[in-house]
Amino acid sequence: MKWEENVRRVVPYVPGEQPNKPNMIKLNTNECPYPPAPGVQKAIAGMQSEDFRLYPDPGAEVLVQGLADYYGLKKEQVFVGVGSDDVISMAFLTFFQGGKPILFPDITYSFYDVWAQLYRIPYETCALDEDFRIRPEDYKRANGGVIFPNPNAPTGVYESLELVEEIVQANRDVVVIVDEAYIDFGGKTALPLIEKYDNLLVVQTFSKSRAMAGMRIGFAMGSEKLIGYLNDVKFSFNSYTMNRPALALGIEALKDKAYFGEITGKIIATRERVKRELKTLGFTFPDSLANFIFASHQQLPAQEIFRALKEKDIYVRYWNKPRINNFLRITVGTDEEMEILLSFLKEYINKRMGEKTC
Ligand SMILES: *Cc1c(COP(=O)(O)O)cnc(C)c1O
């Protein structure tokens with residue numbers, strides 16, 4: 001059709017499956033296995049129909065101020081959106097435009113190249129080394145902006161703040177975005193660097209460490225100038241990105257620091273235990289500081305294990321992509337969930353190894 005010539009075409013991002021089976025074990029989209037803070041649950045019960053009838057505050061003031069207080073910033077240094085996907089997409093639109101290519105790792109969050117294509121932003125990827133580490137030298141060339149997650153997804157590899165600063169320092173003429181979706185599981189945030197570098201945007205989310213993926217709350221922190229530009233674009237796009245329940249429940253989640261420490265601590269402890277168990281089963285993986293482990297078995301193909309797990313309604317994530325097609329990304333669930341996963345793997349691997357030696 002002639003009109004199709006005018007269609008803005010893009011190959012969309014493929015999110016992880018969201019199956020809904022009664023006894024499934026869902027370890028495929030890095031959700032938190034624990035419920036949100038008790039205060040959030042209480043506030044849900046107290047929701048009024050006014051929260052649905054009225055428009056929300058377009059400035060999302062309560063949440064912006066709450067985040068500013070929490071992180072010791074001015075409210076002019078905080079931007080909020082509908083999940084960090086919305087925040088990062090808005091940042092691409094605001095800060096990256098044409099001219100030179102933006103840079104990000106070859107193995108990373110697979111939404112970055114989709115946004116680049118959607119907004120017609122040229123991009124180049126920089127190959128991680130064989131241990132899935134970022135090579136900072138790769139980011140010391142002319143470019144239109146830089147983005148990388150820390151810890152990286154789907155590898156779980158965390159890079160030091162020294163490396164992050166080295167990349168920011170080498171890119172003072174463009175905006176550098178550090179996507180910290182998994183920073184609360186043991187890494188150090190680059191947040192202190194925003195006072196020193198007005199071109200650094202740090203993005204975080206309530207989806208993973210605050211158990212609120214379904215509410216869609218993400219935020220960015222940076223210099224007042226950066227945040228001002230982001231808001232100009234946001235208000236030119238959709239004034240009411242955050243709905244009233246999300247604003248009210250987000251602030252409740254922030255209030256309960258003890259609960260936050262408790263659930264992230266539990267996930268970290270489970271992760272470390274699962275790492276040891278996976279090793280004894282013959283898996284190798286880069287060390288992860290996220291709420292998932294990116295594991296490869298020494299003898300059995302990842303795709304085979306992925307299918308066998310799925311058959312048992314245990315969902316993990318698998319990508320049939322170059323360099324990572326022999327890895328499974330396994331979200332860290334509760335101890336009980338991981339026990340079921342591990343005992344199935346043990347049985348399955350033993351059986352298959354037995355067949356192999358016969
Ligand atoms: C999960 C994730 C996001 C997006 O999370 P939201 O639910 O949109 O906040 C962004 N970046 C990375 C690397 C992620 O893994």
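The model is predicted, with local features needing pLDDT of at least 70, side-chain atom pairs counting only at pLDDT 80 or more, and totals for chains, interfaces and linings using all residues. Residues are numbered from 1 along each chain as its sequence is written, and side-chain values use heavy atoms, without hydrogens and water.

**View A. The shell around the ligand.**

View B. A polar backbone atom of serine 84 is 2.6 Å from a ligand oxygen atom. An N or O atom in the side chain of aspartate 179 lies 2.6 Å from a nitrogen atom of the ligand, and a polar side-chain atom of arginine 216 is 2.7 Å from a ligand oxygen atom. Of the 380 Å² of accessible area (Shrake-Rupley method, 1.4 Å probe) that the ligand has on its own, the protein covers 93%.

**View C. The largest pocket.** On a 1 Å grid over the protein atoms alone, a pocket is an open set of points where a 1.4 Å probe fits, with protein on both sides within 12 Å along at least five of seven lines; lining residues have an atom within 4 Å of a point. The largest pocket holds about 820 Å³ of space. Its lining has 41 residues, of which Tyr13, Tyr109, Ser110, Arg317 and Arg329 are the closest to the pocket centre.

Conventions. Polar contact = N/O pair within 3.5 Å; in protein donor to acceptor, adjacent residues only side chain to side chain. Points joined across faces, edges and corners; volume = space filled by probe spheres on them.
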